[in-house]
Amino acid sequence: MEGQEEQPPREAGTEPIATAGGSEVVPRVLPGEPQNLSDVDAFNLLLEMKLKRRQERPDLPRTVTELVAEDGSRVYVVGTAHFSDDSKKDVVKTIREVQPDVVVVELCQYRVSMLKMDERTLLREAKEISLEKLQQAVRQNGVMSGLMQMLLLKVSAHITEQLGMAPGGEFREAFKEASKVPFCKFHLGDRPIPVTFKRAIAALSFWQKIKLAWGLCFLSDPISKDDVERCKQKDLLEQMMAEMIGEFPDLHRTIVSERDIYLTYVLRQAARRLELPRASDAEPRKCVPSVVVGVVGMGHVPGIEKNWTTDLNIQEIMTVPPPSVSSRVSWLAVKAAFLGLLGYGLYWMGRRASSLVLSLPAAQYCLRRASEAWPHK
């Protein structure tokens with residue numbers, strides 16, 4: 001028809017793929033169709049598609065901090081609130097905009113199961129704190145660290161119950177989106193949780209442990225979704241961190257500052273230049289800067305920025321110091337007091353139960369009959 005531009009004939013086995021610059025025709029693999037592309041050619045084709053989708057000037061959310069490595073690699077750190085729908089949207093938008101080579105999340109191997117659980121299962125698991133979970137935590141981390149972990153799980157369960165939302169939604173979204181990006185690797189970037197808890201417990205004095213446990217046990221303040229979203233504001237977050245530092249500075253060091261160092265180390269390891277495949281060994285090596293997306297809690301972003309250009313040594317933050325003499329003595333005193341109270345409680349209950357039983361008419365009758373039947377001298 002006149003006035004309409006004639007479209008060129010499309011070859012069989014092709015379909016349009018949307019890219020940043022519009023639609024383009026890219027070969028599509030059909031079943032049973034012979035392929036003449038080598039592995040290197042196929043890799044280069046997919047890499048070219050990925051680079052075309054990658055925005056040179058991405059439109060990123062306000063919660064994203066951009067860091068640049070010495071070799072030109074770029075890291076986009078998404079600061080999130082762990083119970084937030086907006087954080088999930090920020091993660092999805094960032095990954096789609098920059099098409100990363102690596103995605104790093106604030107999880108360790110002990111918490112990786114939450115990536116594959118559905119929201120309903122996670123919601124139920126977060127609300128249920130059973131004796132089996134307590135026993136598993138104690139076996140994994142020791143008595144004190146296990147109890148502390150269960151208390152923190154209680155806090156998480158309290159927030160889950162208040163908001164009706166399972167934690168870690170932004171990590172699950174990152175896992176899904178990373179699987180859609182060609183050649184994108186997915187890394188766990190957090191320090192193993194047993195190390196964190198053991199170092200946290202070792203850093204606290206006996207009375208600090210009691211004070212912290214007491215505060216966590218009786219946490220019942222209502223939390224709204226607006227409260228969680230306000231945690232994405234740096235001014236409010238820094239105020240909360242300042243209050244925490246004033247009360248438990250050693251706890252802040254082990255749970256926040258040391259993990260800032262570990263997360264920074266993993267992000268820097270991920271942000272290395274990528275070597276492109278070669279058709280033959282005779283071709284020169286070619287490397288390009290990588291793009292990394294890090295998904296971490298907003299409280300870790302200032303520490304990652306601070307540590308980005310410093311020399312890091314993670315060996316010292318991976319060791320668990322032995323308990324001090326005062327801690328061992330205090331723990332033995334607590335165990336002795338607990339066993340003493342338990343023994344006294346059993347003794348008091350036994351006396352009370354025997355008194356109640358002997359006061360029953362049937363028991364009185366049996367005692368009289370036994371007394372009458374007993375031969376008197």
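Predicted model: local features only at pLDDT ≥ 70, side-chain atom pairs only at ≥ 80, totals over all residues.
Local features were considered at pLDDT of at least 70 and side-chain atom pairs only at pLDDT 80 or more, while totals for chains, interfaces and linings use all residues. Residues are numbered from 1 along each chain as its sequence is written, and side-chain values use heavy atoms, with hydrogens and water left out.

Five strands form an open sheet of mixed pairing, in the order β3-β4-β9-β5-β6. Strands are DSSP runs of E with at least two residues, helices are runs of H or I with at least four, and both are numbered from the N terminus; two strands pair if DSSP finds at least two bridges between them. Strands β3 (64–68) and β6 stand at the edges with a single partner strand each, so one side of each has no neighbour in the sheet. On average, neighbouring strands of this sheet are turned by 20° against each other, direction ignored.

Strand β4 (residues 74–80) pairs with strand β9 (residues 291–297) in the parallel sense over seven bridges. The bridge partner of V77 in β9 is G294. Helix α2 (residues 85–98) lies across β3, β4, β5 (102–105) and β9, and runs at about 165° to β4. Here contact means heavy atoms within 4.5 Å; axes are lines fitted to C-alpha atoms, for helices over the stretch in contact, with angles from 0 to 180 degrees between N-to-C directions.

The structure holds one aromatic pair. The ring centres of F175 and F186 are 5.1 Å apart and their planes stand at 80°, so the pair is edge-to-face (rings of Phe, Tyr and Trp, its six-membered ring, pair with centres within 6.5 Å; planes under 30 degrees apart count as stacked, over 60 as edge-to-face and the rest as tilted). Because F175 lies in helix α6 (residues 169–178) and F186 in strand β6 (residues 185–188), the pair ties together parts that are 11 residues apart in sequence.
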